[in-house]
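Please keep the model in view while reading.

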Amino acid sequence: MSDRLNSLLSSEEKARELVEEATREARRIRTGIPAEVSMIEKEYSSELKKYEDQGMEKVHQELSLLKEKQKVILEKGKADLDSRAEVIAPRALELIHSAVEGETG
């Protein structure tokens, strides 16, 4: 019976040690959670910044392209207006000259 009692006491001691070890492990894990969360947040922020920077670069490229297209359209419009002015100006002068002559004559 003494052996059986010793065996039970030994098993109880081993169980207590296992519980204490599990408690320490759980405490270690709980202690590490904030550091893991912080690391994940930093990684997330870094990735977010990277994607924002890439997005802004695409926006700047698109704006640059649109400005170039707008410049081409503006130059074409100016050229069209200049060519129209060349055609209209002589006729306008004729009309003005006729109007002035009509008033004085």
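In this report a residue counts as buried under 20% relative accessible area, as exposed over 50%, and as partly exposed in between (1.4 Å probe, protein chains only). Glu12, with a relative accessible area of 42%, is therefore partly exposed. The model is predicted: local features need pLDDT of at least 70, side-chain atom pairs count only at pLDDT 80 or more, and totals for chains, interfaces and linings use all residues. Residues are numbered from 1 along each chain as its sequence is written, and side-chain values use heavy atoms, with hydrogens and water left out.

**Overall form**

The protein chain has 1 helix and 0 strands; helices (H or I, at least four residues) and strands (E, at least two) are DSSP runs, numbered from the N terminus. The radius of gyration of the protein chain is 44 Å, well over the 13 Å that the globule rule gives for 105 residues, so the chain is more spread out than a compact globule. That radius is taken over C-alpha atoms, and the globule rule is 2.2 Å times the number of residues to the power 0.38. Along the principal axes, the C-alpha atoms of the protein chain fill a box of roughly 145 × 25 × 15 Å. As a local example, the C-alpha atoms of Ser64 and Glu86 are separated by 33 Å, with the two residues 22 apart along the chain. Glu86 is found in helix 1 and is exposed because its relative accessible area is 61%.

**Surface**

Of the 105 residues of the protein chain, 0% count as buried. The chain exposes about 9,900 Å², and carbon and sulfur atoms supply 60% of this area; accessible areas come from the Shrake-Rupley method with a 1.4 Å probe, and for residues only the protein chains shown count as cover. Met56, Val59, Leu63 and Leu66 make a nonpolar surface patch of about 340 Å². Patches are made of residues with over 30% relative accessible area and no salt bridge, like charges being joined within 9 Å and nonpolar side chains (Val, Leu, Ile, Met, Phe, Trp, Tyr) within 5 Å.

**Charged contacts**

Side chains of opposite charge can pair when their charged atoms come close. A salt bridge is a side-chain nitrogen of Lys or Arg within 4 Å of a carboxyl oxygen of Asp or Glu. The structure holds 7 salt bridges, including those tabulated here.

| Salt bridge | Closest N and O atoms |
|---|---|
| Arg16 and Glu12 | 3.2 Å |
| Lys50 and Glu47 | 3.3 Å |

Arg16 and Glu12 both lie in helix 1 (residues 2-104), 4 residues apart, about one turn of the helix. Arg16 counts as partly exposed because its relative accessibility is 40%.

Glu25 and Arg28 also both belong to helix 1, with a spacing of 3 residues, about one turn of the helix. How exposed are the two partners? Glu25 is partly exposed at 37% relative accessibility, whereas Arg28 is exposed, with a relative accessible area of 52%.

Lys50 and Glu47 both lie in helix 1, 3 residues apart, about one turn of the helix. Lys50 has a relative accessible area of 38% and is therefore partly exposed; Glu47, at 31% relative accessibility, likewise counts as partly exposed. Elsewhere, salt bridges that share partners join Glu12, Glu13 and Arg16 into one network.

Lys50 also lies over the face of Tyr51, at 5.4 Å from the ring centre. A charge sits over a ring if NZ of Lys or CZ of Arg is within 6 Å of the ring centre and within 35 degrees of the ring normal.
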